[in-house]
Amino acid sequence: MTRAFAPGSVAFVGAGPGAADLITLRGAERLRNADVVLFDALADPALRALAPNARWIDVGKRVVRLKGGDPSVFGRLEEELAALAAAGIECEVVPGVTAALAAAASTRRPLTRRGDGRSVALTTAVTRDGKLGAGRHADTEVFYMAGKQLAALARKLVEAGWPATTPALVVSRAGWPDELASEHSVASLAEATLLHSGRPTVVTIGVGAEPIAAGARRARLVAESVAAEEARAAP
Ligand code: SAH
């Protein structure tokens, strides 16, 4: 059972990355009961059909703040939570499908892989003062808000220790019918600039960017882990 949507409270709802049916059941339920919906540019306008009784924008009693993707991922949620806490207004956060997960799903590239894909980082390439920064924090690293600066991102990635041949996957408008995906290496990332220009874009670097049938190395890894499991299971 989900908690009821209390009068006078705010729900931060993750709308998902694109198509309206990527919202969660709980998110849709909150929309049905909302008096007011505050939304951002990333959310599908088709979601309005789920909140037929709500005023969109403005201030009211039960308020849904509809945020693209997941509210807790690069959604500036901390400021809004702090403001509500300061004002003594009750709130809840309803999770959504963040862009990195939508891109992994539609391109069929799992972010974790048995063997050498044991960690995932969601990273913004843009620092607080508007500069570009990149590190190497995980086996798979997904960069948000870097679509306009792919050439610079490539340079920073090499500086941070990613080999130039590391697989790179660029996906724009993930989860929408007009999604685009292109494959590169870290060295050739800048090639993607034109194709994805003007569209919300995530860049996946490392193990999770590799296609599944990536040849002998992965096949060998899988075969080894199957053999190891069989050996463990054997009496
Ligand atoms: N809360 C959102 C992220 C907001 S920050 C989420 O969880 O997805 C905005 C950045 O998110 C964009 O610059 C882009 O990098 C990424 N983004 C959002 N929607 C996207 C989509 N449908 N496809 C690809 N990237 C997307």
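**Close-up views of a predicted model**

M145 is found in the loop between β7 (140-144) and α4 (150-159). The views below are taken from a predicted model.

**View 1. M145, a residue with positive phi in the loop from β7 to α4.** The phi of M145 is positive, about 60°, although M145 is not a glycine. Within 10 Å of M145 there are 16 other C-beta atoms. A residue counts as buried at 20 or more such atoms and as exposed at 12 or fewer, so M145, with 16, is partly exposed.

**View 2. R108, a residue with positive phi in the loop between α3 and β6 (120-124).** R108 is not a glycine either, yet its phi is positive, at about 55°. R108 has 8 other C-beta atoms within 10 Å and is exposed. The limit for an exposed residue is 12 or fewer such atoms.

**View 3. Helix α2 (residues 77-87) and the glycine that follows.** Helix α2 has 11 residues, and the number of them that are buried is zero. The helix therefore lies largely in the open. G88 comes after α2 and has a positive phi, near 70°.

**View 4. The pairing of β4 with strands β1 and β2.** Strand β1 (residues 10-14) runs parallel to β4 and is joined to it by five bridges. F12 has R65 of β4 as its bridge partner. Strand β2 (residues 36-39) is also parallel to β4, and four bridges join the two. Here V36 has V63 of β4 as its bridge partner.

**View 5. The shell around the ligand.** The shell consists of 23 residues, of which G69, T98, A99, A174 and P200 come nearest to the ligand. Strands β8 (167-172) and β10 (201-206) each supply at least two residues of the shell. By class, 12 of the shell residues are nonpolar, eight are polar and three are charged.

**View 6. The largest nonpolar core.** This core has 56 residues. Those with the most contacts inside the core are L31, V37, A100, F143, L153 and V202. Helix α3 (residues 99-106) gives the largest share of the core, six residues. Domain 1 (10-97) and domain 2 (100-209) both contribute residues, so the core lies between them.

**View 7. The whole protein, for orientation.** The secondary structure comes to five helices and 10 strands. The protein has 235 residues, and 40% of them are buried. Of the contacts with a separation of 6 or more, 66% are between residues 24 or more positions apart.

Technical notes:
Residues are numbered from 1 along each chain as its sequence is written. This is a predicted model: local features need pLDDT of at least 70, side-chain atom pairs count only at pLDDT 80 or more; totals for chains, interfaces and linings use all residues. A residue is near a molecule or strand if its C-beta atom, placed from the backbone, lies within 6 Å of it. Ala, Val, Leu, Ile, Met, Phe, Trp, Tyr, Cys and Pro count as nonpolar, Asp, Glu, Lys and Arg as charged, and the others, Gly among them, as polar. A nonpolar core is a set of buried Ala, Val, Leu, Ile, Met, Phe, Trp, Tyr and Cys residues joined through C-beta atoms within 7 Å. Domain bounds come from an automatic or database domain assignment. Two strands pair if DSSP finds at least two bridges between them. Two residues are in contact if their C-beta atoms, placed from the backbone, lie within 7 Å.
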